Structure formats: C-alpha cells, structure tokens
Amino acid sequence: MEEIIRRDVEKLETLLVQLEPVKKDVIRFALPVKTSQGLQSQPSTHFGKVPYFLIWDVQGGDIESYQIKANPARDLEKKRGIKTAEFLVNEKVDMILGEELGEGPRYALSENVVHFTSPEGGTVKEIMENTKKTVL
C-alpha cells in the first residue's frame, strides 16, 4: 500500500499506515484434542505433537458447525510446531485454544493475526460453550 501511494504522490515526506481491526461476524476456533471422537474428544496440552484439532465456527453467539481435522505435521521430526501453525492458518482459524506454544509457532501465528489463549473449561463441550461470547 505504501509503495503504491509513494509512487502516485509526488513530494510525500512521511506516511503513516494505521490498520484498524475489523469486527468479525464468524470466528473460527481450534482446540488440540487427543482423539477424533468429536464432542467426546479430550483436550490436549500439546500443539505440534497433537494428533487432531477440533475446529468450530461461532456466529452471533451460536456454534454453527464443527469438524475434527488430523494434524498433518504430528509425525514430523523438525519444525512440527511451525508446520502445525501453517496448517491452522490455511484452515482460516482465528483463535487457537491451548496450553503450550513455542516461539516459532507463536511468530507464525501472530504474523497471520491468529490469536492464542488458554481454554476455559475441562471438557470439549465446556470449552466450546465458553467461546460463544468471544469478540475479535
């Protein structure tokens, strides 16, 4: 954006580009889980090593849909966390609920404006229920 403006506007000394967050109508969440048993799955404290992610959408305070996705990076020996972060970015996740996140994955997620926070609740159902009022 800055390059385009500088090219089209002569004699421009300074330019400040300020990005404002946009309120999202639909928020996509991801939770690392140990099994692929849907709402009966158990939350996991791992990120890169986790076998599955439960991914769901919240719109207007309601859970619209959910799905279980296998973590394609779980068996990698190197850069497992970064590849997991890239997978979730490609899934268009807005917020990841988890306990552990290394520096590499944290950078990859922040670069793509994906938020990371601890889940509230002990079961998948409780955690999902507690996301209904989230606003980004």
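In this predicted model, the axes of helix α2 (residues 80-90) and helix α3 (residues 103-111) approach to within 8 Å and cross at roughly 25 degrees, where axes are lines fitted to C-alpha atoms, for helices over the stretch in contact, and angles run from 0 to 180 degrees between N-to-C directions. Helix α2 is therefore roughly parallel to α3, a label for angles under 35 degrees, with those over 145 called roughly antiparallel, 65 to 115 roughly perpendicular and the rest oblique. On the α2 side the contact (heavy atoms within 4.5 Å) is formed by G81, I82, A85 and V89, and on the α3 side by G104, P105, A108 and L109. Six of these residues are nonpolar, two are polar and none is charged, with Ala, Val, Leu, Ile, Met, Phe, Trp, Tyr, Cys and Pro counted as nonpolar, Asp, Glu, Lys and Arg as charged, and the others, Gly among them, as polar.

An open sheet with mixed pairing has its five strands in the order β3-β2-β1-β4-β5, two strands being paired if DSSP finds at least two bridges between them. Strands β3 (62-70) and β5 (115-117) each have a single partner and stand at the edges, so one side of each lacks a neighbour in the sheet. On average, and with direction ignored, neighbouring strands are turned by 20 degrees against each other.

Strand β1 (residues 26-33) pairs with β2 (residues 52-59) in the antiparallel sense over eight bridges, and the bridge partner of A30 is I55 in β2. Helix α2 packs on the sheet, where it touches β1, β2, β3 and β4 (95-97), and its direction makes about 30 degrees with that of β2. Strands β2 and β3 are likewise antiparallel, over eight bridges, with D57 opposite S65 in β3; two residues lie between the strands of this hairpin, in which G60 takes a positive phi near 60 degrees.

Residues are numbered from 1 along each chain as its sequence is written. Local features need pLDDT of at least 70 and side-chain atom pairs count only at pLDDT 80 or more, whereas totals for chains, interfaces and linings use all residues; side-chain values use heavy atoms, with hydrogens and water left out.

How values were computed: Helices (H or I, at least four residues) and strands (E, at least two) are DSSP runs, numbered from the N terminus.
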